[in-house]
Amino acid sequence: MKVVLVAILLLAVATGHTTALLRGNTCRPGRKDGMVTVYEDGYGDGWVSGSVGTNLTVYSTSAVRAGTQTTMVGTTEPFAEFSLVSLIPVCTESVLDMWAQGSFLSRTSIVLRSREYGAVSQAVPIFSAEPEAIIHSHVFNGTFRVQGPDAQNWFRISINLEAVKNDNLPPPTWDTIAIRDESGLGFTTMISSMHILPNVPVIKEQLQDCIGTVCNPVLASASVFGLVPSSVNPRMVPIFGFGPTAGNGEDRLHDVTGEGDLVSNSLLVDGITHQEVMNFCASIQGMESADDARRVMDRSIEMRESRATRGEGALGACFLNMVDVEVALEDPEGPSEWPILSIMAFSYKNMTKIRKMALGILEWMDKDGTVSQADGGLRRLASPFVQDDDLSPASSDCPGLPWGLSRLDQCLLPLDMLYNVSSNGSSVHVYVVDSGVSPHADFGNRLGQGVNCVSGTCALGNSLDDTGHGTHVAATIAGSCFGVAKGAIINPVKVFGPAGTGTYNSVIQGIQWAVMTTRVNKWPAVINLSLSGTKSTPLNIAVRTATEKGLTVVTASGNDYFTNACTKSPASSEFAISTASSNRDDLASSFSNIGPCVSMWAPGEDIASADASNLDGGWTVKSGTSMAAPHVSGAAALYLGYNTSASPLQVRNVLFHASVLRNLAPDTSKRLLTVLFEDEKAFLQQEM
């Protein structure tokens, strides 16, 4: 045994790896200047790939950053890792510094691992770093910074490893750097170079204290090693979500429509005026003048709908609504009231030209995506009504009392037979952003003006329901038989077509429509979003803006079977009331998403409501967080009926205060919705 140990130690001394076997107070040795190369035109000394579920390729002819000869490209499967392993532990009193690009910038977290101790550090959640924060180079808890892009779309990522280590483990310990998928979609990573830099005290202090676009301590430190070009200031607007196409390593924008058109949702520079937006749209549409805002909108619709109408000078088209035109005509020099501008580029080359033209107009651009109805699609497992043996007979007008309503006005089970509330939300408008709403008898004359936003431009009319989803949701909110707030007015905002899917762009346009019409009419309003997609910063910003403008926004948490709702939009928005689904036994529905982004629970399983295929009083049963959210929207409308001037925060506080506590899922809110807020009027007055 001693002979074997001596032989191993001699081998370790010969190869320079003794610290991996004998735990001393030193860690990963580098060059004499203190920098360790992990990857640059090949792996650094002692570094290897430890990836599981990642296909790695090295390219030398395409997608190579200036000054380097190769790029390492990894395509990682959902929930897998892209990892690099050192034969000797890594110093945690150092900075991980790399040049990279790809979809990992919005879908992952970075962790350190110890193979010897089987330990994992805390994660640095890149997936939650909002693009607006990335571009403004904010520091995340003194640990994280992203700079760029440079002229070739490369970003510089710097992480203070000392801030993510586990203090319970002795140094040196960490030997693996892992990029971990948090989205369930997988990701692509392109790495031009990766180094570990010494984190001397002055750099550490600057990392923790410095915030701003010009304060750049890690890059200043890295410049000592000749790693930083003269400038990393962007020469075009950054774009997210269009990572390299799997397999070829090139930063090629994915075809969104199948016809070469590329749709993105972009954040306007703060303070940009309505006229400046119109001028920009006119310029990319090849128009000589933006004096006629209506013509700018009409031209954008023409070019998006028919390729034959696009002239040679047209690079793309904006998605504009009548509300954009009206505010531009009303106050052309006033700051834009809506922060998101959606754009269609007619080709990849045109997108690049638009990004250059957009400097000073747009902060960033983000790939458009798909959302769908948050309908669990489950077979009915139990009666949707409180049955006769539960002492709740049907009336002559209604088939019975839906169990979800009976649950809302009591604290404890069993269900009683009643639904009694003193308000009906009669002055409140609820915007149902969904598949449309058909004129079912359950609405009476309370179906307000509808709008169709499926194309990305909202137009009055044609808001009939194609799938039955929106009608079911709307009747749960405000139906005379099936609804929580039986006097509220429903405004249909159609964003889904017959397939039950839509785009972020359409939903964002629909939210904007709700915000602007509420501003004009000055009525209390709620937005119901019974829909779900992957996490989208533009969609979350739209939700935030609606809330800041005074509208209460309620969302479904999504139906991915206990998936973390923080990976979904709009459920991940901290400004929305994100709703998970419970059943009639006060248990979590098996299909419901959960997690810290869930605000509360509400009935969502086996919910009876209006049937769009039988408008003369017909009903059907659906399950999903889509069915849970409208219970909360109806409750919000009830409360706004008490106090029409209540802010979204006040409405949220009242709903939270009136809820009962049930432990339905780990790491998830315990609040279960009730409408027992008769005493909440006094609570609200105290809040005000």
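Here, "buried" means a residue has under 20% relative accessible area, "exposed" means over 50%, and "partly exposed" is anything in between (1.4 Å probe, protein chains only). Helices (H or I, at least four residues) and strands (E, at least two) are DSSP runs, numbered from the N terminus. What you're looking at is a predicted model, where local features need pLDDT of at least 70 and side-chain atom pairs count only at pLDDT 80 or more, while totals for chains, interfaces and linings use all residues. Residues are numbered from 1 along each chain as its sequence is written, and side-chain values use heavy atoms, with hydrogens and water left out.

**A mostly covered helix**

- Take helix α15 to start with: it spans residues 648–658, and eight of its eleven residues are buried.
- The buried ones are P648, Q650, V651, R652, V654, L655, F656 and A658.
- As background, an α-helix has 3.6 residues a turn, so residues three or four places apart point the same way.

- Two strands count as paired if DSSP finds at least two bridges between them.
- β11 pairs with strand β1 (residues 36–40) in the antiparallel sense, over four bridges, and in that pairing V36 stands opposite I196.
- β11 also runs antiparallel to strand β4 (residues 71–86), with five bridges joining them; here T76 sits opposite F187.
- Strand β5 (residues 94–101) pairs with β11 as well, in the antiparallel sense and over eight bridges.
- Which residue of β11 does L96 stand opposite? That would be I196.
- A handy rule for looking at strands: in a regular strand the side chains alternate between the two faces of the sheet.

- If you click on S372, its bridge partner in β24 is S532.

**A look around S49**

- S49 belongs to strand β2 (residues 47–49).
- Is S49 buried, partly exposed or exposed? S49 is partly exposed, because its relative accessible area is 34%.
- Leaving out residues up to four places away in sequence, S49 touches Y43, L56, S83 and L84, where contact means heavy atoms within 4.5 Å.
- S49 and S86 are 37 residues apart in sequence, and their C-alpha atoms are 8.8 Å apart in space.
- A polar atom of the S49 side chain lies 3.4 Å from the backbone nitrogen of S51.

- Two packed helices are described by the angle between their axes and the distance between the axes.
- Axes are lines fitted to C-alpha atoms, for helices over the stretch in contact, and angles run from 0 to 180 degrees between N-to-C directions.
- The axes of helix α8 (residues 322–330) and helix α12 (residues 504–521) come within 10 Å and cross at roughly 45 degrees.
- That makes α8 and α12 oblique to each other: angles under 35 degrees count as roughly parallel, over 145 as roughly antiparallel, 65 to 115 as roughly perpendicular, and the rest as oblique.
- Where they meet, α8 brings V323, D324, V327 and E330, while α12 brings Q512, W513, M516 and R519.
- The residues of this contact divide into four nonpolar, one polar and three charged. Ala, Val, Leu, Ile, Met, Phe, Trp, Tyr, Cys and Pro count as nonpolar, Asp, Glu, Lys and Arg as charged, and the others, Gly among them, as polar.

- Most residues other than glycine have a negative phi, and most peptide bonds are trans.
- The peptide bond from L413 to P414 is cis, with omega near 5 degrees, and P414 sits in the loop between α10 (403–408) and β18 (429–434).
- The bond from S569 to P570 is cis with omega near 5 degrees; P570 is in the loop between β26 and β27 (577–582).
- D606, in the loop between β28 (600–603) and β29 (607–610), has a positive phi near 55 degrees and is buried at 5% relative accessible area.
- D667 has a positive phi near 55 degrees, but D667 is exposed, with a relative accessible area of 66%.

Terms used:
Polar contact = N/O pair within 3.5 Å; in protein donor to acceptor, adjacent residues only side chain to side chain.
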